[in-house]
Amino acid sequence: PPKERDSNHSIWRQNPGTHAVQTRISAAKVPSCRPMSSPEAKLSQQVASAEAQAAQKKEEGNAAFAAKDYESAARLYTAAISLDPTSHVYFSNRAAVYQAQGLFEKAEADARECLRRKPDFIKGYFRLALAQQELGLLDDAEKSLKAGLAIDAGNADLTRQLRLLRAKRAGKKKKRSAAPVRQKGGAPKIDEATAQELSELGEQYQSTQRELASVQQSQRLCAIDLKKVEITRRQLSELDESATVLKGIGKMFMRASRAEILQGLSDGKDKGEKLTSELKSKEKYLARRLESQERNLKEIMANAQSEDA
């Protein structure tokens, strides 16, 4: 008759017509159903939990800031920073709160911490410049704005703030009897700072125009290349299977298989389509930048005319 005996260490099985077989299984080799716990896993879970809690504090801080409850907003953003001190966003948000409270030194310090964590964060340069301007550090504020514009030349907020900063500086010069510049042909008076800003914006506008024209030309050339690839693929498909196919490499021609050439054409098409997509995205970005720069130029001239009226 069949015999069965199970224990923690051995399993016996005997079926009719077979010999008894003992299989010994070491308990140490039996895999556990419980997940392994390690210091790294625990640390990862703790970090994820802290980041989630920090994000929640930030959302609560945003609501408090919108309600102009600046004390609560500052407290909540501070809690978020304590939970996740690596995030640049929390420092940026708290800098905005300190700015609204008139605590400009704290706002400047937080803006610097924000940029230290993410040097290409444009809003950080804006917040830093605002605080520096309120502290009377006009040169530093201009440097901060220009640093941000070096990353995003078409940023409307930075450009507008730079114009306001220069207007403020020009106003101070005007009080010290700084003579305005009279343009020929009855044009409005433009002070030195505004004239400098118009000159710089004009250069940026022309530079953007050239860059946009270059991108559009690259798009046209890319379209031509893609058309050539398509024509070559079609002609190759019409050739007889026994036809000899040569591949051009520089000034030389080498025999190649049909499959090899088709693969090369396919790769060329993929690269061309990817480049076309990138160029279209860049064209849209440059068009927006050009529009922003043109709007800023018109706004400066309109302000100059209204001041001269």
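Predicted model: local features only at pLDDT ≥ 70, side-chain atom pairs only at ≥ 80, totals over all residues.
Lys68 belongs to the loop between helix H1 (39-66) and helix H2 (70-83). Most residues other than glycine have a negative phi. Lys68, however, is not a glycine and still has a positive phi of about 65 degrees. Its relative accessible area is 63%, and Lys68 is therefore exposed.

## The chain as a whole

The chain contains 9 helices and 5 strands, and along the sequence these elements follow the pattern β-β-β-α-α-α-α-α-α-α-α-β-β-α. Of the 309 residues in the chain, 30% are buried. Among the contacts between residues at least 6 apart in sequence, 52% join residues that are at least 24 apart. The chain exposes about 20,500 Å², and carbon and sulfur atoms supply 53% of that area.

## A hairpin and a surface patch

Strand S4 (residues 246-249) and strand S5 (residues 252-255) run antiparallel and are joined by 4 bridges; in one of these pairings, Leu246 has Arg255 in S5 as its bridge partner. The hairpin has 2 residues between its strands, and Gly250 takes a positive phi near 65 degrees there.

Which residues form a nonpolar patch on the surface? The patch consists of Ile249, Met252 and Met254, which together have about 300 Å² of accessible area. Met254 is found in strand S5, and its relative accessibility of 42% means that Met254 counts as partly exposed.

## Salt bridges

Side chains of opposite charge can pair when their charged atoms come close. The structure holds 11 salt bridges, and one of them joins Asp110 to Arg94, with the closest N and O atoms 2.6 Å apart. This pair links distant parts of the chain, since Asp110 is in helix H4 (residues 104-117) and Arg94 is in helix H3 (residues 88-101), 16 residues apart. Asp110 is buried, with a relative accessible area of 5%, and Arg94 counts as buried at 13%.

In another salt bridge, the side chains of Lys282 and Glu211 meet at 3.7 Å, N to O. Lys282 lies in helix H9 (residues 258-308) and Glu211 in helix H8 (residues 192-238), so this pair ties together parts that are 71 residues apart in sequence. Lys282 is partly exposed at 39% relative accessible area, and Glu211 counts as partly exposed at 27%. The salt bridge between Arg160 and Asp157, at 3.4 Å from N to O, has both residues in helix H7 (residues 156-175), 3 residues apart, or about one turn of the helix. Glu113, Arg116 and Arg117 are linked in a network of salt bridges.

## A buried glutamate

Leaving aside neighbours within four places in sequence, Glu142 is in contact with Leu162, Leu165, Arg166 and Arg169.

Technical notes:
Residues numbered from 1 in each chain as written. Heavy atoms only, no water. Pairing = 2+ DSSP bridges. Patch = residues over 30% accessible without salt bridge, like charges linked within 9 Å, V, L, I, M, F, W, Y side chains within 5 Å. Areas by Shrake-Rupley, 256 points an atom, 1.4 Å probe, with all protein chains shown as cover. Salt bridge = Lys/Arg side-chain N within 4 Å of Asp/Glu carboxyl O. Buried < 20%, exposed > 50% of the residue type's maximum accessible area, 1.4 Å probe, protein only. Contact = heavy atoms within 4.5 Å.
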